[in-house]
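Here are a few notes to read with the model open beside you. They follow the charged side chains and who pairs with whom.

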Amino acid sequence: MEQNNGSSFTGFILLGYCDRPQLELVLFVVLLILYIFTLLGNTTIITLSYLDPNLHTPMYFFLSSLRFLDLCYTTSTIPQYLYNLSGPDKSISYAGCVAQMFIFLGLGCTECILLGVMAFDRYAAVCRPLHYTVIMHSCLCALMASASWIYGFSNSLVQTVLIFILPLCGKNKIDHFLCEIPALIKIVCVDTSSTESENFVASVVTVLIPISLIIFSYSKILMAILRIKSAAGKRKAFGTCGSHFIVVSLFYGTAIYAYLQPSNNYSQDKGKFTSLLYGIFIPMMNPVIYTLRNKDVKGAMTKTLWKIHRLMCV
(Lines give C-alpha, C1' and ligand atoms only; values in the text may rest on other atoms or scores of the structure.)
Protein backbone atom coordinates (compact mmCIF):
# COMPACT_ATOMS: atom_id res chain seq x y z
CA MET A 1 0.00 0.00 0.00
CA GLU A 2 1.17 3.47 -0.81
CA GLN A 3 2.24 5.55 2.19
CA ASN A 4 1.66 9.27 1.79
CA ASN A 5 3.89 10.32 4.68
CA GLY A 6 6.96 8.83 3.03
CA SER A 7 8.06 6.89 6.12
CA SER A 8 9.21 3.30 5.93
CA PHE A 9 6.41 0.85 6.47
CA THR A 10 7.28 -2.50 8.01
CA GLY A 11 3.94 -4.00 9.00
CA PHE A 12 0.61 -3.86 10.79
CA ILE A 13 -0.63 -4.13 14.34
CA LEU A 14 -3.48 -6.62 14.73
CA LEU A 15 -5.45 -5.23 17.67
CA GLY A 16 -7.80 -8.19 17.99
CA TYR A 17 -9.22 -8.10 21.52
CA CYS A 18 -6.24 -6.33 23.11
CA ASP A 19 -8.63 -4.00 24.95
CA ARG A 20 -9.94 -7.06 26.82
CA PRO A 21 -6.90 -8.93 28.21
CA GLN A 22 -9.06 -11.37 30.20
CA LEU A 23 -10.85 -12.40 27.01
CA GLU A 24 -7.51 -12.85 25.22
CA LEU A 25 -6.40 -15.48 27.75
CA VAL A 26 -9.67 -17.40 27.37
CA LEU A 27 -9.45 -17.13 23.58
CA PHE A 28 -5.89 -18.46 23.55
CA VAL A 29 -6.86 -21.61 25.46
CA VAL A 30 -10.10 -22.19 23.52
CA LEU A 31 -8.53 -21.57 20.09
CA LEU A 32 -5.53 -23.78 20.86
CA ILE A 33 -7.83 -26.65 21.84
CA LEU A 34 -10.09 -26.13 18.82
CA TYR A 35 -7.11 -25.89 16.48
CA ILE A 36 -5.71 -29.20 17.76
CA PHE A 37 -9.14 -30.84 17.31
CA THR A 38 -9.38 -29.34 13.80
CA LEU A 39 -6.01 -30.80 12.85
CA LEU A 40 -6.85 -34.21 14.31
CA GLY A 41 -10.40 -34.38 12.90
CA ASN A 42 -9.57 -33.33 9.37
CA THR A 43 -6.39 -35.42 9.24
CA THR A 44 -8.38 -38.45 10.42
CA ILE A 45 -10.95 -38.14 7.61
CA ILE A 46 -8.24 -37.60 4.98
CA THR A 47 -6.38 -40.69 6.25
CA LEU A 48 -9.54 -42.81 6.33
CA SER A 49 -10.44 -41.75 2.77
CA TYR A 50 -6.98 -42.88 1.66
CA LEU A 51 -6.81 -46.17 3.60
CA ASP A 52 -10.35 -47.57 3.23
CA PRO A 53 -11.20 -48.89 -0.28
CA ASN A 54 -14.92 -48.34 0.43
CA LEU A 55 -14.22 -44.58 0.55
CA HIS A 56 -12.50 -44.46 -2.84
CA THR A 57 -15.51 -42.80 -4.47
CA PRO A 58 -16.10 -39.31 -5.91
CA MET A 59 -18.02 -38.27 -2.80
CA TYR A 60 -15.09 -39.01 -0.51
CA PHE A 61 -12.58 -37.62 -2.98
CA PHE A 62 -14.33 -34.25 -2.64
CA LEU A 63 -14.75 -34.75 1.11
CA SER A 64 -11.02 -35.34 1.64
CA SER A 65 -10.27 -32.36 -0.64
CA LEU A 66 -12.52 -30.21 1.56
CA ARG A 67 -10.84 -31.49 4.72
CA PHE A 68 -7.38 -30.65 3.32
CA LEU A 69 -8.69 -27.22 2.39
CA ASP A 70 -10.00 -26.67 5.93
CA LEU A 71 -6.62 -27.66 7.37
CA CYS A 72 -4.94 -25.00 5.25
CA TYR A 73 -7.74 -22.53 5.98
CA THR A 74 -7.31 -22.60 9.74
CA THR A 75 -3.50 -22.81 9.54
CA SER A 76 -3.38 -19.60 7.47
CA THR A 77 -4.68 -17.54 10.42
CA ILE A 78 -4.83 -19.35 13.76
CA PRO A 79 -1.06 -19.89 14.45
CA GLN A 80 -0.43 -16.16 13.87
CA TYR A 81 -3.32 -15.21 16.14
CA LEU A 82 -2.19 -17.64 18.84
CA TYR A 83 1.25 -16.05 18.69
CA ASN A 84 -0.26 -12.57 19.03
CA LEU A 85 -2.41 -13.72 21.95
CA SER A 86 0.55 -15.29 23.77
CA GLY A 87 2.39 -12.00 24.41
CA PRO A 88 2.49 -8.25 23.92
CA ASP A 89 3.62 -8.46 20.29
CA LYS A 90 0.54 -7.95 18.08
CA SER A 91 2.42 -7.22 14.87
CA ILE A 92 2.39 -8.90 11.48
CA SER A 93 4.78 -7.97 8.68
CA TYR A 94 3.54 -6.28 5.52
CA ALA A 95 4.40 -9.35 3.42
CA GLY A 96 2.81 -11.58 6.05
CA CYS A 97 -0.40 -9.57 5.93
CA VAL A 98 -0.54 -9.73 2.13
CA ALA A 99 0.14 -13.47 2.16
CA GLN A 100 -2.42 -14.09 4.89
CA MET A 101 -5.18 -12.24 3.03
CA PHE A 102 -4.32 -13.90 -0.29
CA ILE A 103 -4.26 -17.42 1.17
CA PHE A 104 -7.23 -17.01 3.53
CA LEU A 105 -9.43 -15.42 0.86
CA GLY A 106 -8.26 -17.87 -1.81
CA LEU A 107 -9.10 -20.87 0.36
CA GLY A 108 -12.46 -19.36 1.30
CA CYS A 109 -13.37 -18.78 -2.38
CA THR A 110 -12.20 -22.28 -3.24
CA GLU A 111 -14.41 -23.76 -0.52
CA CYS A 112 -17.39 -21.81 -1.89
CA ILE A 113 -16.96 -23.40 -5.32
CA LEU A 114 -16.07 -26.84 -3.95
CA LEU A 115 -19.25 -26.98 -1.85
CA GLY A 116 -21.24 -26.31 -5.02
CA VAL A 117 -19.37 -29.08 -6.84
CA MET A 118 -20.13 -31.46 -3.96
CA ALA A 119 -23.84 -30.61 -4.25
CA PHE A 120 -23.72 -31.62 -7.93
CA ASP A 121 -22.00 -34.87 -6.89
CA ARG A 122 -24.86 -35.57 -4.45
CA TYR A 123 -27.37 -34.81 -7.22
CA ALA A 124 -25.70 -37.38 -9.49
CA ALA A 125 -25.62 -39.96 -6.68
CA VAL A 126 -29.30 -39.59 -5.70
CA CYS A 127 -30.95 -38.70 -9.02
CA ARG A 128 -28.75 -40.70 -11.42
CA PRO A 129 -27.58 -43.67 -9.29
CA LEU A 130 -27.21 -46.08 -12.24
CA HIS A 131 -25.05 -43.61 -14.17
CA TYR A 132 -23.23 -42.14 -11.14
CA THR A 133 -19.83 -43.69 -11.81
CA VAL A 134 -20.07 -42.78 -15.51
CA ILE A 135 -21.03 -39.14 -14.81
CA MET A 136 -18.60 -38.58 -11.94
CA HIS A 137 -15.56 -40.26 -13.48
CA SER A 138 -12.10 -39.59 -12.06
CA CYS A 139 -11.06 -37.11 -14.77
CA LEU A 140 -14.16 -34.96 -14.24
CA CYS A 141 -13.68 -35.02 -10.45
CA ALA A 142 -10.05 -33.92 -10.80
CA LEU A 143 -11.05 -31.23 -13.32
CA MET A 144 -13.79 -29.79 -11.08
CA ALA A 145 -11.56 -29.82 -8.01
CA SER A 146 -8.72 -28.13 -9.94
CA ALA A 147 -11.10 -25.53 -11.38
CA SER A 148 -12.30 -24.72 -7.85
CA TRP A 149 -8.74 -24.02 -6.67
CA ILE A 150 -7.81 -22.04 -9.79
CA TYR A 151 -10.89 -19.83 -9.60
CA GLY A 152 -10.56 -19.35 -5.84
CA PHE A 153 -6.98 -18.12 -5.94
CA SER A 154 -7.42 -16.11 -9.15
CA ASN A 155 -10.29 -14.22 -7.52
CA SER A 156 -8.25 -13.80 -4.34
CA LEU A 157 -5.30 -12.39 -6.29
CA VAL A 158 -7.47 -9.71 -7.90
CA GLN A 159 -9.17 -8.71 -4.64
CA THR A 160 -5.89 -8.66 -2.69
CA VAL A 161 -4.23 -6.41 -5.27
CA LEU A 162 -7.22 -4.05 -5.27
CA ILE A 163 -6.94 -3.65 -1.48
CA PHE A 164 -3.17 -3.30 -1.16
CA ILE A 165 -2.80 -0.62 -3.83
CA LEU A 166 -4.89 1.76 -1.72
CA PRO A 167 -3.05 4.37 0.44
CA LEU A 168 -3.07 4.14 4.24
CA CYS A 169 -1.48 7.52 5.03
CA GLY A 170 0.59 5.98 7.80
CA LYS A 171 -2.20 4.00 9.48
CA ASN A 172 -1.15 0.50 10.45
CA LYS A 173 -3.50 -0.56 13.26
CA ILE A 174 -6.08 -3.13 12.11
CA ASP A 175 -9.00 -3.63 14.49
CA HIS A 176 -9.11 -7.35 13.82
CA PHE A 177 -7.10 -10.50 14.53
CA LEU A 178 -6.37 -11.19 10.85
CA CYS A 179 -5.80 -9.29 7.61
CA GLU A 180 -9.28 -9.35 6.12
CA ILE A 181 -10.83 -7.07 3.49
CA PRO A 182 -13.56 -5.39 5.62
CA ALA A 183 -11.09 -4.56 8.41
CA LEU A 184 -8.38 -3.24 6.07
CA ILE A 185 -10.82 -1.03 4.19
CA LYS A 186 -11.57 0.73 7.49
CA ILE A 187 -8.01 2.13 7.72
CA VAL A 188 -7.72 3.32 4.10
CA CYS A 189 -7.54 7.13 3.93
CA VAL A 190 -9.21 7.67 0.52
CA ASP A 191 -12.67 7.02 -0.89
CA THR A 192 -13.04 3.25 -1.25
CA SER A 193 -16.49 3.11 -2.85
CA SER A 194 -15.21 1.84 -6.23
CA THR A 195 -12.98 -0.80 -4.62
CA GLU A 196 -15.82 -1.91 -2.36
CA SER A 197 -18.13 -2.19 -5.38
CA GLU A 198 -15.59 -4.30 -7.26
CA ASN A 199 -15.04 -6.57 -4.26
CA PHE A 200 -18.80 -6.83 -3.71
CA VAL A 201 -19.39 -7.90 -7.32
CA ALA A 202 -16.58 -10.48 -7.09
CA SER A 203 -18.03 -11.81 -3.81
CA VAL A 204 -21.54 -12.02 -5.27
CA VAL A 205 -20.27 -13.98 -8.29
CA THR A 206 -18.21 -16.29 -6.03
CA VAL A 207 -21.26 -16.99 -3.87
CA LEU A 208 -23.91 -16.91 -6.60
CA ILE A 209 -22.37 -19.57 -8.87
CA PRO A 210 -22.16 -22.36 -6.24
CA ILE A 211 -25.43 -21.37 -4.53
CA SER A 212 -27.25 -21.62 -7.87
CA LEU A 213 -25.73 -25.08 -8.36
CA ILE A 214 -26.65 -26.06 -4.80
CA ILE A 215 -30.27 -24.88 -5.17
CA PHE A 216 -30.61 -26.70 -8.49
CA SER A 217 -29.07 -29.90 -7.10
CA TYR A 218 -31.07 -29.99 -3.88
CA SER A 219 -34.37 -29.15 -5.61
CA LYS A 220 -33.81 -32.16 -7.88
CA ILE A 221 -32.70 -34.27 -4.92
CA LEU A 222 -35.80 -33.32 -2.91
CA MET A 223 -38.11 -34.26 -5.80
CA ALA A 224 -36.29 -37.57 -6.20
CA ILE A 225 -36.55 -38.32 -2.47
CA LEU A 226 -40.30 -37.56 -2.46
CA ARG A 227 -40.76 -40.16 -5.21
CA ILE A 228 -39.08 -42.86 -3.09
CA LYS A 229 -41.78 -45.05 -1.55
CA SER A 230 -39.83 -46.83 1.20
CA ALA A 231 -39.02 -45.03 4.45
CA ALA A 232 -35.59 -46.73 4.56
CA GLY A 233 -34.77 -45.40 1.10
CA LYS A 234 -35.76 -41.88 2.09
CA ARG A 235 -33.62 -42.06 5.24
CA LYS A 236 -30.64 -43.26 3.22
CA ALA A 237 -31.05 -40.43 0.70
CA PHE A 238 -31.43 -37.82 3.43
CA GLY A 239 -28.41 -39.26 5.24
CA THR A 240 -26.36 -39.04 2.04
CA CYS A 241 -27.05 -35.31 1.65
CA GLY A 242 -27.73 -34.17 5.23
CA SER A 243 -24.12 -33.63 6.31
CA HIS A 244 -23.26 -31.60 3.23
CA PHE A 245 -26.40 -29.45 3.58
CA ILE A 246 -25.55 -28.62 7.23
CA VAL A 247 -21.97 -27.64 6.28
CA VAL A 248 -23.25 -25.50 3.37
CA SER A 249 -25.72 -23.68 5.63
CA LEU A 250 -23.08 -22.93 8.28
CA PHE A 251 -20.39 -21.79 5.84
CA TYR A 252 -22.53 -19.68 3.52
CA GLY A 253 -24.47 -18.10 6.37
CA THR A 254 -21.34 -16.67 7.98
CA ALA A 255 -19.59 -15.85 4.67
CA ILE A 256 -22.58 -13.90 3.35
CA TYR A 257 -22.81 -11.95 6.60
CA ALA A 258 -19.10 -11.10 6.47
CA TYR A 259 -18.71 -10.11 2.81
CA LEU A 260 -22.13 -9.25 1.38
CA GLN A 261 -23.12 -6.28 3.51
CA PRO A 262 -22.39 -2.55 3.10
CA SER A 263 -19.26 -1.34 4.89
CA ASN A 264 -21.27 1.24 6.85
CA ASN A 265 -23.17 -1.66 8.44
CA TYR A 266 -19.97 -3.53 9.28
CA SER A 267 -19.35 -3.93 13.01
CA GLN A 268 -15.77 -4.71 14.05
CA ASP A 269 -16.81 -6.89 17.00
CA LYS A 270 -19.37 -8.80 14.94
CA GLY A 271 -16.82 -9.10 12.14
CA LYS A 272 -14.26 -10.64 14.50
CA PHE A 273 -16.82 -13.08 15.88
CA THR A 274 -17.97 -14.06 12.38
CA SER A 275 -14.36 -14.63 11.28
CA LEU A 276 -13.84 -16.89 14.27
CA LEU A 277 -16.93 -18.85 13.25
CA TYR A 278 -15.97 -19.61 9.67
CA GLY A 279 -12.21 -19.49 10.30
CA ILE A 280 -11.98 -22.04 13.14
CA PHE A 281 -15.31 -23.21 14.62
CA ILE A 282 -16.91 -24.43 11.37
CA PRO A 283 -13.73 -26.22 10.09
CA MET A 284 -13.51 -27.89 13.51
CA MET A 285 -17.20 -28.93 13.44
CA ASN A 286 -17.15 -30.25 9.86
CA PRO A 287 -15.34 -33.55 10.63
CA VAL A 288 -17.73 -34.13 13.56
CA ILE A 289 -20.76 -33.47 11.34
CA TYR A 290 -19.54 -35.81 8.60
CA THR A 291 -18.45 -38.53 11.03
CA LEU A 292 -21.55 -38.58 13.22
CA ARG A 293 -24.00 -38.51 10.29
CA ASN A 294 -22.17 -40.80 7.86
CA LYS A 295 -22.20 -44.54 8.42
CA ASP A 296 -19.44 -45.17 5.84
CA VAL A 297 -17.03 -42.87 7.68
CA LYS A 298 -18.01 -44.39 11.04
CA GLY A 299 -17.55 -47.87 9.60
CA ALA A 300 -14.14 -47.00 8.17
CA MET A 301 -13.07 -45.51 11.48
CA THR A 302 -14.24 -48.59 13.41
CA LYS A 303 -12.34 -50.94 11.05
CA THR A 304 -9.18 -48.83 11.19
CA LEU A 305 -9.26 -48.63 14.99
CA TRP A 306 -9.83 -52.40 15.20
CA LYS A 307 -6.83 -53.04 12.91
CA ILE A 308 -4.66 -50.74 15.03
CA HIS A 309 -5.84 -52.54 18.18
CA ARG A 310 -4.98 -55.95 16.71
CA LEU A 311 -1.53 -54.77 15.64
CA MET A 312 -0.83 -53.40 19.11
CA CYS A 313 -1.93 -56.67 20.72
CA VAL A 314 0.29 -58.86 18.52
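1. First, the term: a salt bridge is a side-chain nitrogen of Lys or Arg within 4 Å of a carboxyl oxygen of Asp or Glu. Asp121 is buried, and so is Arg122 (buried means under 20% relative accessible area with a 1.4 Å probe, protein chains only).

2. A word on what you're looking at. This is a predicted model, where local features need pLDDT of at least 70 and side-chain atom pairs count only at pLDDT 80 or more, while totals for chains, interfaces and linings use all residues. Residues are numbered from 1 along each chain as its sequence is written, and side-chain values use heavy atoms, leaving out hydrogens and water.

3. How many salt bridges does the structure hold? There are three. One of them joins Glu24 and Lys90 at 3.1 Å, N to O. This pair links distant parts of the chain, 66 residues apart: Glu24 sits in helix 1, Lys90 in the loop between helix 3 (78–85) and strand 2 (91–93). (Helices, H or I of at least four residues, and strands, E of at least two, are DSSP runs numbered from the N terminus.)

4. Stay with Glu24 for a moment. Glu24 counts as buried because its relative accessibility is 9%. Skipping residues up to four places away in sequence, Glu24 touches Leu15, Tyr17, Cys18, Leu85 and Lys90 (contact means heavy atoms within 4.5 Å).

5. Arg67 and Asp70 form a salt bridge too, with the closest N and O atoms 2.2 Å apart. Both lie in helix 2 (residues 58–75), three residues apart, about one turn of the helix. Arg67 and Asp70 are both buried.

Definitions and conventions: Buried means under 20% relative accessible area, exposed over 50%, partly exposed in between (1.4 Å probe, protein chains only).
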